[in-house]
Amino acid sequence: MHWSRRSLCLTEDPELFFPVSMEGPGREQYEQAKAVCRRCPVQHRCLEYALNTHQMYGVWGGTSPDERRAAMTAPRRGAR
């Protein structure tokens, strides 16, 4: 069975994971989506997928787009 079939987000409104912005109501939406991710049995697989496929929108594996961008550039900074 593919890991995504065990994800908790399957039972949630998909729009919860794609807020319009990090400001105002979008901020609370990000936090609600991340709360779902924290309980998810496949959170780490989801984050790995998002990093490997450069998902730049939405909440994946309990991270925001900014958090994933930082994670993707962190290894490069250490290599310098």
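**Entry 1: Lys-34**

I began with Lys-34, whose side chain makes a polar contact with the side chain of Glu-67 at 3.0 Å. By polar contact I mean a pair of N or O atoms within 3.5 Å, where within protein one must be able to donate a hydrogen and the other to accept it, and where residues adjacent in sequence count only if both atoms are side-chain atoms. I note at once that this is a predicted model, in which local features need pLDDT of at least 70 and side-chain atom pairs count only at pLDDT 80 or more, while totals for chains, interfaces and linings use all residues. Residues are numbered from 1 along each chain as its sequence is written, and side-chain values use heavy atoms, with hydrogens and water left out.

I placed Lys-34 in helix α1, residues 25-39; helices (H or I, at least four residues) and strands (E, at least two) are DSSP runs, numbered from the N terminus. Lys-34 counts as buried because its relative accessibility is 10%, given that buried means under 20% relative accessible area, exposed over 50% and partly exposed in between, with a 1.4 Å probe and protein chains only. Setting aside neighbours within four places in sequence, I found Lys-34 in contact with Val-59, Gly-62, Thr-63, Ser-64 and Glu-67, where contact means heavy atoms within 4.5 Å.

**Entry 2: the chain as a whole**

I then looked at the chain, whose secondary structure comes to three helices and zero strands, in the order α-α-α along the sequence. Its C-alpha atoms fill a box of roughly 40 × 40 × 20 Å along the principal axes, and 32% of the 80 residues count as buried. Among contacts between residues at least 6 apart in sequence, 39% join residues at least 24 apart.

From the UniProt record, an unreviewed entry, I took "domain: 4Fe-4S Wbl-type" for residues 8-70; UniProt positions are in the numbering used here, feature names are shortened, and annotations may be inferred rather than shown by experiment. In the model, the span of residues 8-70 is 49% helix and 0% strand, and its end C-alpha atoms lie 25 Å apart.

**Entry 3: nonpolar cores**

Which residues make up the largest nonpolar core? I listed seven: Leu-16, Phe-17, Tyr-30, Ala-33, Val-36, Cys-37 and Val-59. Such a core is a set of buried Ala, Val, Leu, Ile, Met, Phe, Trp, Tyr and Cys residues joined through side-chain atoms within 4.5 Å. A second, separate core has six residues, among them Trp-3, Val-42, Cys-46 and Trp-60.

Gln-32 is found in helix α1 and is partly exposed, with a relative accessible area of 39%.

**Entry 4: aromatic pairs**

How many aromatic pairs does a search of the whole structure find? It finds two, counting rings of Phe, Tyr and Trp (its six-membered ring) with centres within 6.5 Å, and calling planes under 30 degrees apart stacked, over 60 edge-to-face and the rest tilted. The pair of Trp-3 and Tyr-49 is tilted, because the planes stand at 55°, with the ring centres 5.9 Å apart. Trp-3 lies in the segment before α1 and Tyr-49 in helix α2 (residues 43-52), so this pair ties together parts that are 46 residues apart in sequence. Trp-3 counts as buried at 12% relative accessibility, whereas Tyr-49 is partly exposed at 35%.

Tyr-49 also forms a tilted pair with Trp-60, at 5.6 Å centre to centre and 40° between the planes. I located Trp-60 in the loop between α2 and α3 (65-79), eleven residues from Tyr-49, and Trp-60 counts as buried at 18% relative accessibility. Trp-3, Tyr-49 and Trp-60 form one aromatic cluster.

**Entry 5: Ser-7**

Is Ser-7 buried or exposed? It counts as buried, because its relative accessibility is 11%. A polar atom of its side chain lies 2.7 Å from the backbone oxygen of Ser-4, and, neighbours within four places in sequence left aside, Ser-7 is in contact with Cys-40 and Val-42.
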